[in-house]
Amino acid sequence: MPRRGSRDFPPSARAEFRKQFVELRQGTTPLVRFERWFANLARLAPELVETEELRCFEFESKLRDDIRVRIAGSWHERYSGLVEAAVHVEIAVLAMGQSGK
């Protein structure tokens with residue numbers, strides 16, 4: 001089944017997807033699930049992530065603070081590299097929390 005793009009929806013639905021994308025935040029959602037939501041909404045609001053750099057900026061800005069501050073200093077030119085780094089940071093943050101540090 002082909003994936004649906006933003007043009008397959010009426011303008012009112014596209015506006016709602018855009019709003020959902022703008023308001024999207026990771027919160028307590030596991031990173032893997034959050035990345036899926038981000039990717040799906042980005043596909044439905046492509047004008048918000050037209051370049052790889054913009055996609056990276058948007059993804060990073062929507063991450064939980066404890067993850068975002070740990071990856072903000074390193075520049076990721078590829079979205080896949082940014083997601084991989086964020087997953088590693090989330091694992092480390094969770095491990096530190098479980099060890100009580």
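**View 1. H76 in the loop between α4 and α5.** H76 lies in the loop that runs between α4 (65-71) and α5 (79-99); helices are DSSP runs of H or I with at least four residues, numbered from the N terminus. This is a predicted model, in which local features need pLDDT of at least 70 and side-chain atom pairs count only at pLDDT 80 or more, while totals for chains, interfaces and linings use all residues. Residues are numbered from 1 along each chain as its sequence is written, and side-chain values use heavy atoms, with hydrogens and water left out. The side chains of H76 and S74 are joined by a polar contact of 3.2 Å (a pair of N or O atoms within 3.5 Å; within protein, one must be able to donate a hydrogen and the other to accept it, and residues adjacent in sequence count only if both atoms are side-chain atoms). Not counting residues up to four places away in sequence, H76 touches C56, G81, L82 and A85, where contact means heavy atoms within 4.5 Å.

**View 2. The largest nonpolar core.** This core has 26 residues, and those with the most contacts inside it are F21, F38, F59, L63, I71 and A86. At least two residues of the core come from each of α1 (11-23), α2 (31-44), α3 (52-61), α4 and α5. The largest share, seven residues, is that of α5. A nonpolar core is a set of buried Ala, Val, Leu, Ile, Met, Phe, Trp, Tyr and Cys residues joined through side-chain atoms within 4.5 Å; buried means under 20% relative accessible area, exposed over 50%, and partly exposed in between (1.4 Å probe, protein chains only). Leaving aside neighbours within four places in sequence, L63 is in contact with Q26, L31, F34, R68, I71 and A86.

**View 3. Aromatic pairs around F59.** The structure holds seven aromatic pairs (rings of Phe, Tyr and Trp, the last by its six-membered ring, with centres within 6.5 Å; planes under 30 degrees apart count as stacked, over 60 as edge-to-face and the rest as tilted). F38 and F59 pair edge-to-face, at 5.2 Å centre to centre with 80° between the planes. F38 belongs to helix α2 and F59 to helix α3, 21 residues apart. F59 and Y79 also pair edge-to-face, at 5.4 Å and 80°. Ring pairs link F21, F34, F38, F59 and Y79 into a cluster.

**View 4. Charges over the rings of Y79 and F21.** The charged end of R55 sits over the ring of Y79, 5.2 Å from its centre. The charged end of K62 sits over the ring of F21, at 4.8 Å from the centre. The criterion is NZ of Lys or CZ of Arg within 6 Å of the ring centre and within 35 degrees of the ring normal.
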